[in-house]
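Please have the structure open while reading.

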Amino acid sequence: MAIVPRRILAAIGAAALLGVSACGGTAPPSAAEPPESGQGAWTWTDDRGKRVSLPERPQRVVAQSGAAAALWDFGVRPVAVFGPHRLKGGGRDPEVGEVDISTVESIGNVWGEFNVEKYASLQPDLLVAGMYQKDTLWYVPEESVKTVDQIAPTVGVQLSGKPLVEIIETYGRLAAALGADPDAAPVAEAKKRFDAAGEALRTLAAARPDLKVMIVTGTPDNLYVAYVPDHPDLTYWDELGLNIVSPDRPTESEGGFWEVLSWENADKYDADVILVDARAQSMKIDEMAEKPTWAKLPAVKAGQLYPWHAAERYSHLGYAKVMEELKTNLDKSRDDVVR
């Protein structure tokens, strides 16, 4: 059965599903108050403009896997996660980053799976999730929203329409507000590593302006070509100077983020390098090889196909690793494949 594209593209933008609030109503983002990170009252205004007010700092945090991964890198240890975190063989799903899944509870591992009863039993103080669509908490099923809201306050972090660095910094500030040390050695080292990886990509881009890169994901019916402005990571790399192929703005019916091509038209664009969605639920390169138009693409013929970590967590450590891998792959790629 074909996977619904918007659900396949978990960290890229698509249908998601939202989420008491012991939140004292809403407030515009401009009215956000600095959260209390010490003892006493705790406040936070999230990217929905929703203000959470609690008598003390939350201790028991539950987070969607991508949010959990980002918070973990900044020093927060959630008590439970939901969303992709355990592979079929029992190993850790890359989407949950460095989170030790043996020490956290699971309340759901796949789309539409959210054990509300277990969530309530954990007595959470706060739920954190990213948002690809406005006011929509990723991986909280629509039918569970009202119940989830009655159990504990929720915080949403907008993951589209914002710069990569800003999203990372939002998670960093939230982690500090939740008691993590923003000056801890691993956090500082990750920031240095992120900056160095970005500069290395900038240098590569300046030296090899003709190297064309395209980012795609696929389903049995369609090939999706990433629209750069809707993806914070791709936008960042574009600003660093990488020559990234980007289609025109997708139509409203396409839902943003991608130009949708039938496999018959999959050769609309060409590139020296193609980055392919590496998530477990996405179409694999060997499956794409069965499509004649795919096989004819210059990058495919040249074997210059590398992973794109579409659901990478928004932390300095997460994207430092991504950019280091990307540079390694681009360094070994020819830039004369497209003629």
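A pocket here is an open set of grid points, on a 1 Å grid over the protein atoms alone, with protein on both sides within 12 Å along at least five of seven lines. The model is predicted.

**Second largest pocket**
- The lining of the second largest pocket consists of 18 residues.
- Nearest the centre of this pocket lie Pro94, Glu95, His309, Ala311 and Glu312.
- Sorted by class, the lining holds eight charged, seven nonpolar and three polar residues.
- Because domain 1 (42–181) and domain 2 (187–332) both give residues to the lining, the second largest pocket lies between them.

**Asp277**
- Asp277 is part of strand E13, which covers residues 273–277.
- Buried means under 20% relative accessible area, and Asp277 has 4% relative accessibility, so Asp277 counts as buried.
- The side chain of Asp277 forms a polar contact of 2.9 Å with the side chain of Thr217.
- A polar contact of 2.4 Å links the side chains of Asp277 and Arg279.

**Whole chain**
- The protein chain contains eleven helices and 14 strands.
- The chain has 339 residues, and 54% of them count as buried.

Technical notes: Residues numbered from 1 in each chain as written. Predicted model: local features only at pLDDT ≥ 70, side-chain atom pairs only at ≥ 80, totals over all residues. Heavy atoms only, no water. 1 Å grid on protein atoms, 1.4 Å probe; cavity = no way out; pocket = protein on both sides within 12 Å on 5 of 7 lines; lining within 4 Å. Nonpolar A, V, L, I, M, F, W, Y, C, P; charged D, E, K, R; others polar. Domains from an automatic or database assignment. Helix = DSSP H or I, 4+ residues; strand = E, 2+ residues; numbered from the N terminus. Buried < 20%, exposed > 50% of the residue type's maximum accessible area, 1.4 Å probe, protein only. Polar contact = N/O pair within 3.5 Å; in protein donor to acceptor, adjacent residues only side chain to side chain.
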